[in-house]
Each structure stands twice: as structure tokens, then as C-alpha cells.
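Student: I am new to this structure and would like to learn how to read it. Could we go through a few features one at a time?

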Amino acid sequence: MKSSFKGRDILSLKDFEREDYFHVFEVADRLRPFAEDRKNTDLLARKTLVTAFYQPSTRTRLAHEAAMHRLGGHVTGFSDVKMTRAGDFYQESIKDTVKMLEFYGDVIVMRHFQQGAPHEAAKWASVPIINGGDGWGEHPTQILTDLYTVYHEKGRIDGLRWLAVGDMRMRTMHSLAYGLTQFDCPITFVSPPELRLTDEFKAELREYDLDFREADHVKQAIADADVILVEPVVQPDYTKSRDEREGDVGLTPANYKITRELLSTKAKSDAILLHSLPRMDEIPTEVDNTQWAYYWQEAFCGVVMRMALLALVLGAQE
Ligand code: CP
């Protein structure tokens with residue numbers, strides 16, 4: 001049975017049951033034509049989204065804002081915490097901040113450097129909180145986007161074999177693993193030894209019966225993969241509000257790099273290559289115009305998915 005999303009917080013994919021994914025995909029399919037045709041509608045004309053971004057973002061913030069505009073709604077918020085009282089002398093608390101923000105709009109999307117900050121916000125806010133990425137914790141709307149991209153392209157999720165490459169401390173990797181527990185999808189994780197899944201997280205995934213293994217080199221797993229999800233192995237410190245790059249960060253080793261040559265010699269011809277972006281050199285630009293590159297479609301689906309989530313939590317779609 002479909003559960004209602006009205007008023008629901010979107011904090012973690014641990015909270016999503018299998019039916020929830022298909023429910024969200026169905027609403028995304030319904031709203032997709034507005035984004036495809038670049039035609040706005042008035043579904044959320046009387047609603048306002050508040051963006052509370054304590055960390056930099058290109059896609060997550062702007063895709064939520066674009067989604068709200070497509071649905072005829074309004075947007076207010078901040079993208080630089082230093083310009084707020086939470087980021088200056090006062091270090092205003094999450095509680096005090098959201099007790100203000102809830103009066104400025106009807107739903108809040110929050111990105112924060114502290115793991116669990118959106119969960120803390122949800123304790124105090126009377127409006128739905130959407131987690132736009134919390135420290136190393138989770139990034140549920142990105143992985144909903146990725147699953148929806150695959151669903152749209154392949155017509156199914158079950159039975160597809162995944163390969164995830166990158167830094168396994170990443171919030172996207174945690175949400176991905178939780179998400180796949182609801183599907184029949186074996187997954188191989190490839191990362192540098194020091195950036196592997198923690199023993200604690202692996203124990204949790206075993207409790208969920210996720211069919212996963214780890215490998216040292218993409219060459220060991222790419223031939224079987226239906227979906228290849230890649231992220232940089234060099235990441236900023238996600239526990240900081242902002243982490244400037246200092247000097248050269250080095251090149252991505254071949255073990256974690258998806259080149260055109262690797263794809264054309266080893267990958268399935270219909271494999272889907274995803275990257276939630278931003279990228280470094282782990283997918284060279286020579287891959288962009290190959291049959292495997294689906295990251296631009298993924299970026300488009302990012303707007304559609306946020307349209308679906310906003311419409312659902314605000315009760316404009318069931
Ligand atoms: N994929 C993603 O989270 O991108 P941003 O950091 O630009 O939001």
C-alpha cells in the first residue's frame with residue numbers, strides 16, 4: 001500500500017521502503033513533462049521553499065530551486081552560512097535557526113557539515129525537512145535521482161548489477177547502499193584501501209542482506225556492471241563548512257578511473273555510467289559523448305526528482 005508523503009521529512013534512505021521508491025518514481029514520471037518542455041505549472045503556486053545551505057553546492061541547491069520554480073512556487077534562503085547568524089559570532093544553533101526558517105516557508109532543504117544536522121532540524125521544525133547532504137552521513141535526494149535515472153533508462157531496478165567507485169566515506173555511497181537494500185541489486189565497491197567502507201557500516205549492510213563485495217580495481221568488476229556510479233577518490237573534508245583546495249591534489253590512479261578505452265574494451269555496451277558531480281579526472285571528458293555517459297541525463301533527473309519530492313511532501317501530489 002502507498003504511504004502518504006505529505007508532511008514527511010526526507011532525511012535518510014533507511015526510512016524508505018521498496019514501495020516508496022516506486023511511488024516517488026511514479027510522481028516523477030507524472031511531473032517530468034513540465035521539465036522536459038520547460039513549461040512551468042502552478043502546482044505549488046502558494047508554497048515557499050527555504051534553502052539552508054551551510055556547505056557549498058551547485059546541483060543540490062539549484063535543482064531544488066529550479067524544481068520549485070517549475071512548479072510555480074517561491075524560494076528564499078541562504079547559500080553562504082557566513083552571511084547568517086549561524087556562521088558568525090553568535091554561532092546560532094540549528095534549533096533557533098529552524099524555529100525562524102519554519103515561518104519563512106513551507107519546506108526546508110538543508111545541507112550541513114554536521115552529520116545528523118537535518119535530523120536535528122526535523123526535531124524542531126513544523127515543516128518538512130529535506131536532507132541535502134549532511135557531513136559524511138547521507139545524500140538521499142541524490143541517490144533517489146540516480147535510482148530514478150536508472151529506472152527511467154532501463155525500465156527496472158531489480159536484477160541490475162552495480163559498480164560503485166570512489167571514496168566510501170561519502171554520503172552518496174551510504175545512501176546508495178541503503179537504497180539498494182530494497183532491490184535485487186548486487187553491488188561491488190571499489191575504493192582506495194584507506195577509503196573503504198567501514199567495518200561498522202559493512203556489518204549494518206549484512207544485517208540488511210545487501211549482496212555486496214569489495215574490489216581493488218575497476219577492471220575486476222566493470223565487465224559485469226549494468227550501472228557504474230563514479231565519484232572522486234579525492235574529496236574535501238565534508239565535516240567542514242568550506243574546504244578550499246590547497247595545491248595539487250594529484251591524479252586519480254587507474255584503479256579508480258573510467259576511461260573511454262576501459263569502457264570500449266570491458267564494459268557492457270548498454271551499461272549506464274553515472275556521476276553525481278562535481279568530477280575531478282576520474283571520468284575524463286573524452287567519455288562525455290560516448291554511449292555510456294548518462295550523467296547529463298542524471299543532472300536533468302535531479303530537477304525532476306526534486307519536483308516529485310517537493311510536490312509530495314507539500315501534499316500537492318499523492
Ligand atoms: N551532487 C551534488 O551533491 O552536487 P552539489 O555538491 O553541487 O550539490
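Predicted model: local features only at pLDDT ≥ 70, side-chain atom pairs only at ≥ 80, totals over all residues.

Student: Which cysteine sulfur is nearest to that of Cys185, and how far away is it?

Tutor: First the general idea: a disulfide is a covalent bond between the sulfur atoms of two cysteines. In this structure, a search of the whole model finds 0 disulfides. Cys185 is in none, and the nearest cysteine sulfur, that of Cys301, is 17 Å away.

Student: Is Cys301 buried or exposed?

Tutor: Cys301 is buried, as its relative accessible area is 0%. Cys301 is also one of the residues of α9 that take part in a contact with α5.

Student: How do I read a pair of helices such as α5 and α9?

Tutor: Look at how the axes approach and at what angle they cross. Helix α5 covers residues 140-154 and helix α9 covers residues 295-313; their axes come within 8 Å and cross at roughly 110°. That angle makes α5 roughly perpendicular to α9, because 65 to 115 degrees counts as roughly perpendicular. The crossing of α5 past α9 is right-handed.

Student: Which residues make the contact?

Tutor: On the α5 side, the contact includes Thr141, Leu144, Thr145, Tyr148 and Thr149. On the α9 side, Gln297, Cys301, Met305 and Leu309 are among the residues involved. By class, the contact has 6 nonpolar, 6 polar and 4 charged residues.

Student: How many residues of helix α6 are buried?

Tutor: Helix α6, residues 171-180, is mostly covered, with 10 of its 10 residues buried. Among them are Arg171, His174, Leu176 and Tyr178.

Student: What about a residue in a loop? Where is Gly105 found?

Tutor: Gly105 lies in the loop between α3 (94-101) and β3 (107-112). Gly105 is buried, with a relative accessible area of 9%.

Student: Which residues does Gly105 touch?

Tutor: Leaving aside residues up to four places away in sequence, Gly105 touches Thr48, Val50 and Val127. For a sense of distance, Gly105 and Gln291 are 186 residues apart in sequence and 42 Å apart in space, C-alpha to C-alpha.

Note on methods. Residues numbered from 1 in each chain as written. Heavy atoms only, no water. Helix = DSSP H or I, 4+ residues; strand = E, 2+ residues; numbered from the N terminus. Buried < 20%, exposed > 50% of the residue type's maximum accessible area, 1.4 Å probe, protein only. Contact = heavy atoms within 4.5 Å. Axes fitted to C-alpha atoms, helices over the stretch in contact; angles between N-to-C directions. Parallel < 35°, antiparallel > 145°, perpendicular 65-115°, else oblique. Left-handed = near helix turned anticlockwise from the far one by under 90°. Nonpolar A, V, L, I, M, F, W, Y, C, P; charged D, E, K, R; others polar. Disulfide = S-S within 2.5 Å.
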